[in-house]
Amino acid sequence: MGLEAEIYKKVKFLNCNKMRTYNVYFYNPLMWGEFDFWRILIEYFVEEADSIRIDCWNEEENIINEILPFSSSVDKESSKRMTIVSLPVNEKTVEQILYNAFDEKKRVKWFSLFLQRDGEAFFLRSIMVKNFQLLV
């Protein structure tokens, strides 16, 4: 089954009440930037989102400052070590997420990125794992 068919199959469960988790695992996360997996996955799933959440370590000031102009709110109180930035889903924000996500070493800049709908995350990319999670 092709990637597009697999994604469609997973997305059709977005309206289910029962939570399921699907993982897209890459042995080498550097492949995300080299083969456009990042762009393809984000473009596809961001259509279902009404907000985006990005978590960064507090000391990553340059990275935080890059996304602040796109933010709708910033939370530095919920976590002692993390800055949580909420972003609206609009053309400028999505463009930033698609084309400015990687550092010079081809790693995703942010600790985690959540695509959310009605305050609930349904897509997660975190530095703690080498995969994406679709939570449906």
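A: The answer below treats the core, then the aromatic pairs, then the strand pairing.

This is a predicted model, in which local features need pLDDT of at least 70 and side-chain atom pairs count only at pLDDT 80 or more, while totals for chains, interfaces and linings use all residues. Residues are numbered from 1 along each chain as its sequence is written, and side-chain values use heavy atoms, with hydrogens and water left out.

A nonpolar core is a set of buried Ala, Val, Leu, Ile, Met, Phe, Trp, Tyr and Cys residues joined through side-chain atoms within 4.5 Å. Buried here means under 20% relative accessible area, exposed means over 50%, and partly exposed lies in between (1.4 Å probe, protein chains only). The largest such core has 24 residues, and the members that touch the most others are Ile 54, Trp 110, Leu 113 and Leu 115. At least two core residues come from each of α3 (37–46), β2 (51–57), α4 (61–67), β4 (82–88), α5 (91–99), β5 (112–117) and β6 (120–126). The most, five residues, come from α3. These helices (H or I, at least four residues) and strands (E, at least two) are DSSP runs, numbered from the N terminus.

Leaving aside residues up to four places away in sequence, Trp 110 touches a set of residues that includes Trp 38, Ile 54, Ile 63, Ile 97 and Arg 125; contact means heavy atoms within 4.5 Å.

The structure holds two aromatic pairs. Rings of Phe, Tyr and Trp (its six-membered ring) pair if their centres lie within 6.5 Å; planes under 30 degrees apart count as stacked, over 60 as edge-to-face and the rest as tilted. Tyr 44 and Phe 45 form an edge-to-face pair, because their ring centres are 5.3 Å apart and their planes stand at 80°. Tyr 44 is partly exposed at 29% relative accessibility, whereas Phe 45 is buried at 4%. Trp 57 and Phe 111 are likewise edge-to-face, with centres 5.0 Å apart and planes at 70°. This pair links distant parts of the chain, 54 residues apart: Trp 57 lies in strand β2 and Phe 111 in the loop between α5 and β5. Trp 57 is partly exposed at 24%, while Phe 111 is buried at 14%.

Strand β2 itself is mostly covered, with five of its seven residues buried. Strands pair if DSSP finds at least two bridges between them. β2 pairs with β4 in the antiparallel sense over seven bridges, and Cys 56 has Thr 83 in β4 as its bridge partner. β2 and β5 also run antiparallel, joined by five bridges; Ser 51 has Gln 116 in β5 as its partner.
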